[in-house]
Every structure is written in C-alpha cells, then in structure tokens.
Amino acid sequence: MLDVLNTFIVELRQAGLPVSLTEHVDAAAAITHVDIADRAVFKDVLRATLVKSEDHTAAFDLAFEVFFAPRSLGGEGDEASEDVSGELGDTPPDQTGLRGPGKGMGAGGGSTMSAEELAKMLEDAIRNDDATLRAQVAQQSVARFAGMEPGRPVGGTYYLYRTLRNLELDQLLEQLVEERRSLGGSMTPLQERLARDELGARIDGLKQAIEAEIRRRLVEDRGAEALARSVRKPLPEDIDVMHATRDEMATLQRALRPLSRKLAVRLARKRRHGRKGPLDFRQTVRRSLSTGGVPIDPRYRHPRPAKPEMIVIADISGSVASFARFTLHLVYAISSQFSKVRAFVFVDGIDEVTHFFDHSDDPGAAVSRINTEANVVWIDGHSDYGHAFRSFHERWGKDVNARTSVLILGDARNNYHASESWVIADLQARARHVYWLNPEPSSYWGSGDSIVGEYAPHCDRVVEVRTLRQLEQFVGELA
Amino acid sequence: MSSKPATPRFDSPQQVADELAAVDYLSDHAIASTVFLSDRLQKPVLVEGPAGTGKTQLAKSVAELTGARLIRLQCYEGLDESKALYEWNYRKQLLRIQASQVGTGEGSLDWNELEEDIFDESFLLTRPLLEAIRAEDPVVLLIDEVDRVELETEALMLEILSEYQVSIPELGTVKAKQIPMVFLTSNNTRELSEALKRRCLFLHVGYPDVERERLIVETRVPGISQELAEQVAQIVRTLRSMDLKKVPSVSETIDWAQTLVVLGKDSISEEDTIATLHVLLKYQSDIERATAELTGTRR
C-alpha cells in the first residue's frame with residue numbers, strides 16, 4: 001500500500017501540487033486509521049492530508065480516479081464500497097459483468113443489448129434517478145459507442161465525446177421536460193426551470209459515470225501511471241493565458257474573482273501597515289496615565305500614503321487579445337487600490353476605453369464591450385506599436401505625471417514597423433514607473449518581429465507574464 | 001508529535017456523522033472523515049469555504065457532542081501575541097514593585113526575589129490560545145477567520161498547532177494537559193502560509209447538494225413541510241448555477257425557509273419566490289437577474 005501511495009504522491013507532485021514530506025507521512029499514518037476498503041472515506045482521508053488548497057482539488061480528484069479506479073462496477077452504483085486493493089496494474093481485470101458487458105477494451109461486439117433497449121434503460125435511469133441503472137447504462141454505452149482501441153496513448157476525451165454524441169442527451173433532456181409538462185397539466189416558468197435543472201443534474205451524474213467507466217478501462221489497458229501522464233492538466237494558476245483553450249479560459253475566469261479579492265485585501269493591508277506614521281503625542285500621553293505617567297505604549301498616527309494613478313495601454317490584436325482582456329479585468333477588479341485607472345487599447349490605432357468601465361460594476365461586461373466598440377484600427381488592423389504610441393503621446397501624453405504608473409501590455413510584435421521608442425523614453429521621464437508585461441516566454445523575446453528589446457531600456461521593468469501566478473506576483477509588487 | 005496516548009473520541013467516520021446529526025449538524029462524508037482523522041492524528045483542521053456554509057458551526061457542534069468547552073479566538077487585523085497567547089499584567093506588576101518599596105521603607109527587597117515574584121503565574125493574563133492549552137477540562141479550540149491576521153501573526157500559532165505547547169520565556173514551556181481538538185476557519189481572503197497549512201488537515205466546505213441542503217433545512221427549520229423544503233433546496237440550487245455576484249449561502253437558505261414558514265406557506269409559488277428573493281440575494285442587480293431568469297422573461 002505504501003508503494004502505491006508513494007507513486008500516487010509522485011504523480012501529484014508531477015501535476016504541480018506542493019506535497020511536502022510531512023504531508024506524505026501524515027497520509028501514511030492516516031490510512032492506518034481508516035478502513036481503506038471504503039473508497040469514499042479513503043479518498044477523503046488522502047485529500048485532507050495531501051491537498052491544502054481548494055484550487056488543487058480538481059487535480060487531486062483526477063489523479064485519484066486514475067490511481068484508485070474502482071475495479072469493477074458492482075450493482076451498487078459507482079460510489080458504493082469498491083475494493084481498493086493495493087496492487088495496481090498487475091492483477092488481471094476481474095470484471096464481474098452485468099448482463100455481459102464488453103470484456104476489456106473495445107469489445108463492443110460482446111454487448112447483448114439492442115440500441116432500443118439501451119435507450120430505454122437510459123431514459124429510465126434519468127427519469128427515476130436510479131443509480132444502479134445509471135451505472136449499467138454507462139458501462140453499456142461505453143462498450144457500445146466509445147470504440148476504444150487498446151494501447152493508444154490518449155486521455156479519453158475523444159472516447160467520451162463519441163459516447164456522448166451517440167447518447168443524444170440534450171434531446172433526452174428536452175423529451176423528459178416535455179413529458180413532465182404534459183404530466184402536470186401546465187408548468188410555470190419557475191417549475192420548468194427547476195425540472196430542467198433537476199434533470200440536468202441527473203444527466204451530469206451519468207456523464208460522470210461514463211467518464212469514470214472510460215477511465216477505468218484505460219487504466220486496465222495501460223496502467224495508472226501512464227494514464228495519469230496523459231490526463232494531467234495544468235493547475236489554474238499555471239495555464240498559459242495566451243494559448244488557453246476555451247475550457248481553460250473558463251477556469252481562468254473563475255479563478256480571477258477570488259484572486260482579485262485576495263489581491264485587493266493584500267494591497268489594502270500593505271498600504272495600511274507598510275509604514276508607521278508619526279508619533280501621536282496626544283494619544284501617547286493619554287495612554288501613559290494608566291501606567292503612572294510612564295509612556296510605555298507609544299501610539300502612532302495612521303499613515304495615509306497617496307494611491308498611485310494607473311494608465312494601462314493594452315495591445316488587443318488577435319494574438320494577445322485574451323491576455324489583454326484578462327489583465328484589464330484584473331486591474332479593474334482591484335481599481336479601488338488606485339486613485340484613478342485609465343485604460344487605452346490599440347492595434348494600430350489607439351482608443352481610450354476608460355468610460356466603458358466607469359459606469360459598470362462588472363469589469364467582465366466592460367471588457368467584452370471593448371472588443372465590439374473600441375476604435376482601434378487605423379490602416380490594416382495589424383499591430384503597429386510605433387503608431388499607437390505616437391498617437392497616445394499626441395493626444396494624452398500631457399496627462400502622464402509623476403504620480404502615474406504606466407502599464408503596457410503586449411508582445412511587441414510590431415510587424416516590422418518603426419518602434420518609436422522615444423515615446424516610451426519620454427513617458428518614463430515623466431511617469432513614476434513604466435512597466436511592460438509581455439505574455440510571451442522570455443526566450444522568444446527579440447526573435448522575428450518582436451522588438452521588445454528596443455523598448456526595454458526605457459521601461460523600469462519588463463516582465464514575462466504568461467500565467468495567473470506570474471500576474472498575481474507582479475500586481476502584488478506593483479502597489 | 002505528542003507522545004501522550006490519548007483515547008480516541010470516535011470509532012469511525014460514520015459515528016462522527018451520526019453524532020453530529022444528533023446535535024443538528026448534517027455533515028457529509030468529507031466532513032465526518034476529516035473530523036475523525038483530526039481526532040486520531042491529533043492534528044488541527046483547517047476549514048475553508050465560502051461564508052455561511054457552517055464552518056464555525058462545525059466547531060461548535062463538535063464541542064457540543066463531545067461535551068467540551070468551546071474556546072474561541074476571533075482573528076482580526078492587528079491581532080498580536082498579547083491578545084492571542086498571553087500578556088504580563090504590567091499594571092499589577094508596577095503596583096507590586098511600588099508596594100514592596102512602600103512596605104520596607106528603604107526598598108531593601110532583593111531584586112532577584114522581586115523579579116521572580118512579579119513573573120509569577122498570578123501576574124499572567126491568559127488569552128484564548130494559552131487558555132486552551134492549560135485547560136483541565138476537555139476543550140475545543142476554534143480559531144475563527146484565521147486569514148484575517150497578518151502573515152507574521154500566523155507564526156504565533158505554529159507552536160500550538162504542532163506541539164500543543166506554548167513557550168513563555170520567563171516561565172518555561174507550558175504543555176497541554178490534554179490534546180484539544182482544534183479548528184481553524186478561513187474565508188480564503190488570502191493565501192495562508194505553507195507552514196500553517198502543513199500542520200493542518202484541510203477541509204473544504206462548499207455548498208451542499210440538493211439532498212443535503214433539504215435535510216439541513218428540515219432539521220434547522222422546525223415545522224417546515226417536506227414539499228416546501230424540497231422546493232427551497234431546488235430553487236437555491238438553480239440560483240447558485242446563475243452568474244450572480246453573491247450566490248446564496250446555506251445560512252441564507254435557512255433564513256429564507258424560516259421566512260416562508262412564518263408567512264405560513266406549505267409550498268411556494270412563483271410570486272412568493274419573487275417577493276421574498278431579497279432574503280436570499282444581497283444585490284439589487286442579482287435580484288433583477290434572478291427574477292428575470294426564474295420567470296423565464298429572459299431566455
């Protein structure tokens with residue numbers, strides 16, 4: 001068992017979870033106290049000892065499902081106590097089998113059920129919320145539709161997609177909602193919504209069962225460690241913003257709200273506690289009365305340092321658009337930490353977008369308006385940093401003063417236009433700070449048409465910001 | 001780390017769940033297993049999750065079911081050693097010094113003697129953490145909203161959390177007479193230090209699923225009809241799936257259910273829902289959005 005735990009922890013570390021030696025020891029001690037045949041408890045125990053942040057739970061769950069996949073589906077449903085025997089990967093698959101499920105991988109032909117029977121079973125499983133039936137449906141449909149081929153180094157997303165496509169769950173949802181409507185006479189919109197959500201939740205349950213079934217077969221095929229490598233996903237804070245897929249982008253958006261709240265708290269705290277104000281003489285004397293006139297407990301005034309002004313200039317051309325949106329969102333989410341925030345976006349022309357944010361309490365909505373309404377194209381809609389900076393200097397250059405921090409977002413891929421780096425030099429002379437955030441890995445800087453090297457001497461710092469973690473760190477240092 | 005063989009309080013996670021249910025706290029298997037493990041491993045539990053999901057209540061309920069006294073340290077910014085651990089009662093010490101001078105006339109009392117005297121336990125003001133360590137009776141220590149203190153203050157708690165002892169320079173080390181159960185809660189407004197997390201078991205308490213929420217409503221709101229409890233749980237789930245600024249927490253669900261019971265409802269209609277949404281949602285923009293979605297005017 002300890003060996004399995006060991007490889008499991010190695011996998012967690014590979015996935016980016018910081019599991020320390022102490023935690024490893026705790027986990028080993030913990031599993032001696034519980035009945036490890038009870039899979040749910042076993043999982044809770046490992047999670048409590050090994051995972052110390054909610055953001056990491058998803059990665060843990062995935063690894064756990066792979067390493068301690070239930071061996072066979074008994075009739076009790078997927079959460080029922082499964083035997084978690086220690087030896088993973090070397091025991092032959094012992095499928096007890098329900099009504100002749102496909103043996104092992106890809107044996108769809110072994111299925112004895114017709115398509116109609118399966119559809120009927122699926123319908124019943126969802127309608128009656130029947131866990132036993134649901135497990136059977138999952139098993140049957142994977143055997144039938146997934147078309148799994150042994151030995152292929154995949155994570156199973158494709159199999160899942162194939163299975164779900166064949167089950168036509170959306171249609172089933174509509175059908176069942178319709179059925180309820182006709183059953184109860186008429187439905188208010190509220191009732192319909194509730195029925196829809198309830199059925200939706202059951203269908204999600206089925207999807208999870210199918211996913212687990214696919215994973216179980218993959219583990220049988222290739223062993224836990226190999227599969228874990230294929231299904232491993234980066235933690236939310238390590239996703240590369242520039243190349244994020246749609247799902248990853250959604251994960252990032254979700255991570256953004258707690259992150260901005262954390263940053264705001266941290267910055268506010270730093271501002272209050274960073275320095276001690278001058279001695280508050282009156283209070284100190286007042287306090288000293290209780291110690292017989294001895295000023296044991298000196299009091300200080302609260303410091304009130306001025307908040308910086310912020311000007312954000314963001315490239316929103318195709319290649320870096322998601323990064324710019326993201327950073328603008330974050331900056332506005334913590335805008336209470338700045339006395340003023342102004343935002344400018346450019347491609348080859350430049351436009352001010354501050355007013356989009358002014359009357360909206362939802363930065364996300366404002367950011368999406370930028371895409372449709374900002375006037376940023378001058379000639380051809382290819383990035384031209386030089387022209388954009390020159391226009392900025394002509395129109396708003398005088399607004400930059402010693403209290404302003406200028407934040408420039410972009411990859412400095414200028415399509416071989418003139419750099420006009422004197423603008424940045426001039427801004428640096430007048431502003432408090434000029435920072436450049438580049439979403440490209442620093443090894444790419446200066447390659448091809450990237451001219452970040454020409455601007456860099458005029459910036460206080462040029463920072464590589466590819467992930468949330470780096471962005472958080474930078475913003476934290478900023479204020 | 002402690003060498004003391006303590007008798008475990010629970011036999012199995014299931015027993016924890018049952019006993020918690022007996023004091024009207026409905027746990028799920030993660031909560032029960034973690035509490036069970038915390039007792040067996042003698043480690044504190046760090047409970048994290050959104051506000052209003054019963055994190056503090058968990059500690060209170062555990063105290064209730066084990067018949068222990070609850071000692072609570074409410075954390076806030078600027079909390080320091082003298083408020084969390086202990087403080088020398090320096091006013092009393094000053095008086096003691098003055099009294100000794102007055103008593104002998106020329107102040108001949110030996111300084112060493114006096115020093116020993118004024119750093120005696122009777123001049124010590126115990127604060128929650130030290131109190132939990134020194135308690136003779138069984139206690140449950142609750143360190144509430146630990147994310148509110150500064151990073152440096154967190155370090156104060158490390159000795160207690162791993163060794164169950166407090167070092168006082170003038171007195172030596174005070175060891176716990178019995179290992180208390182310790183709960184720390186956090187609303188996750190900042191990242192806690194690695195050192196603190198490493199010493200704790202981690203438990204995330206999220207929003208419950210429909211079934212558990214219905215049971216919670218039924219236990220917490222006496223006199224509610226089954227139908228109403230179910231509807232309440234379902235509507236709250238639907239609300240949580242919407243993109244709202246602040247989704248309803250469990251405590252708000254309970255408030256809402258109570259409101260409906262007071263209004264004498266056995267089941268809830270669309271109008272009732274809309275009319276009482278303000279109990280669940282705290283932003284006008286949220287209420288408008290939810291109203292629109294629930295009545296199907298936007299879709």
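Analyst: In this predicted model, B:Glu48 has B:His204 as its bridge partner in strand S9 of chain B. That pair belongs to the pairing of strand S1 (residues 45-48) of chain B with S9(B), where the two strands run parallel and are joined by four bridges.

The two strands are part of an open sheet of five strands in chain B, which has the order S2-S5-S8-S1-S9 and parallel pairing. The edges of the sheet are formed by strand S2 (69-74) and strand S9 (201-204) of chain B; each of them has a single partner strand, and therefore one side of each is left without a neighbour in the sheet. On average, and with direction ignored, neighbouring strands of this sheet are turned by 20 degrees against each other.

A helix also packs on this sheet: helix H2 (residues 29-41) of chain B touches S1, strand S8 (181-186) and S9 of chain B. The direction of helix H2 of chain B makes about 160 degrees with that of S9(B).

Domain 1 comprises 13-83 + 127-204, domain 2 comprises 86-121, and domain 3 comprises 210-290. Between domain 1 of chain B and domain 2 of chain B, the C-alpha centres lie 37 Å apart. Contact between these two domains involves six residues of domain 1 and four residues of domain 2 of chain B. On the domain 1 side of chain B, the residues that touch domain 2 comprise three nonpolar, one polar and two charged.

Elsewhere in chain B, B:Val247 lies in the loop between helix H11 (226-241) and helix H12 (250-262). B:Val247 has 18 other C-beta atoms within 10 Å; because a residue counts as buried at 20 or more and as exposed at 12 or fewer, B:Val247 is partly exposed. With neighbours within four places in sequence left aside, B:Val247 is in contact with B:Leu239 and B:Arg240. B:Val247 and B:Leu281 are 34 residues apart in sequence, while their C-alpha atoms are 6.9 Å apart in space.

Finally, chain B meets chain A: 32 residues of chain B are in contact with 33 residues of chain A. On the chain A side, helix H2 (21-30), helix H3 (39-50), helix H9 (189-222) and helix H11 (246-273) of chain A are the elements that give two or more residues. The residues on that side of chain A divide into 12 nonpolar, nine polar and 12 charged.

How values were computed:
Residues numbered from 1 in each chain as written. Chains lettered and ligands numbered in written order. Predicted model: local features only at pLDDT ≥ 70, side-chain atom pairs only at ≥ 80, totals over all residues. Domains from an automatic or database assignment. Contact = placed C-beta atoms within 7 Å. Nonpolar A, V, L, I, M, F, W, Y, C, P; charged D, E, K, R; others polar. Pairing = 2+ DSSP bridges. Axes fitted to C-alpha atoms, helices over the stretch in contact; angles between N-to-C directions.
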